Amino acid sequence: MYPEQFKLPKGVYEVKLAKPCGILFEEIEPNRGVYIQDLVEGGNAARQGILKPDDILIGVTAIQIAGAKWERRLIPARKFGFDLVVGAIGSNEEKWGCNNVILMVERPEEINREAVDKFLEFFEPPSDTPWKLPQ
């Protein structure tokens with residue numbers, strides 16, 4: 001059983017998808033978050049059946065490279081623009097041992113914003129770790 005801190009708040013969904021994900025993302029505002037505009041019919045996300053149009057991306061796995069070391073972690077994505085989301089998803093490559101990407105979304109009509117904000121604090125990268133996606 002997961003510790004309570006890892007329990008997803010109501011209205012938050014996490015999916016593990018093979019790439020290509022089959023998701024059409026749209027920016028909420030320029031560089032201020034993305035939402036799922038639509039799912040590609042027959043694509044990986046549509047077949048899985050969890051994600052829905054209008055879900056807002058709040059977390060995504062990404063690879064960070066620092067010198068000869070790398071790590072994959074889930075990072076909060078509420079303030080990411082379209083290009084950064086695409087870069088984060090794209091960084092989950094086979095050469096890093098990744099055969100999928102993990103996305104976390106919130107369904108606005110189901111969430112308690114305070115609970116989700118508190119939950120996401122755990123995933124914030126440490127302030128002394130500059131997060132940069134591989135080029």
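A polar contact is a pair of N or O atoms within 3.5 Å, of which, within protein, one must be able to donate a hydrogen and the other to accept it. In the predicted model described here, such a contact of 2.8 Å joins the side chains of N100 and R72. The side chain of N100 is also joined to that of N99, by a polar contact of 3.2 Å. N100 is found in the loop between α2 and β6. Its relative accessibility is 12%, and N100 therefore counts as buried, the limit being under 20%. When residues up to four places away in sequence are not counted, N100 touches K16, L17, A18, R72 and N92.

S91 is buried, because its relative accessible area is 2%.

Aromatic residues were examined next. A search of the whole structure finds one aromatic pair. The rings concerned are those of W70 and W96, whose centres are 5.6 Å apart. Their planes stand at 50°, so the pair is classed as tilted; this angle falls between the limits of 30 degrees, under which planes count as stacked, and 60, over which they count as edge-to-face. The pair links distant parts of the chain, since W70 lies in strand β5 (residues 69-76) and W96 in the loop between α2 and β6 (101-106), 26 residues apart. With a relative accessibility of 40%, W70 counts as partly exposed, whereas W96 is buried, with a relative accessible area of 17%. An aromatic ring also takes part in an arrangement with a charged group: the charged end of R107 sits over the ring of Y13, 4.1 Å from its centre.

The cysteines were considered last. A disulfide is a covalent bond between the sulfur atoms of two cysteines. With a cut-off of 2.5 Å between cysteine sulfur atoms, the count comes to zero disulfides. C21 is buried, because its relative accessible area is 8%. C98 is likewise buried, with a relative accessible area of 4%.

Notes: Residues are numbered from 1 along each chain as its sequence is written. This is a predicted model: local features need pLDDT of at least 70, side-chain atom pairs count only at pLDDT 80 or more; totals for chains, interfaces and linings use all residues. Side-chain values use heavy atoms; hydrogens and water are left out. Buried means under 20% relative accessible area, exposed over 50%, partly exposed in between (1.4 Å probe, protein chains only). Rings of Phe, Tyr and Trp (its six-membered ring) pair if their centres lie within 6.5 Å; planes under 30 degrees apart count as stacked, over 60 as edge-to-face and the rest as tilted. Helices (H or I, at least four residues) and strands (E, at least two) are DSSP runs, numbered from the N terminus. A charge sits over a ring if NZ of Lys or CZ of Arg is within 6 Å of the ring centre and within 35 degrees of the ring normal. Contact means heavy atoms within 4.5 Å.
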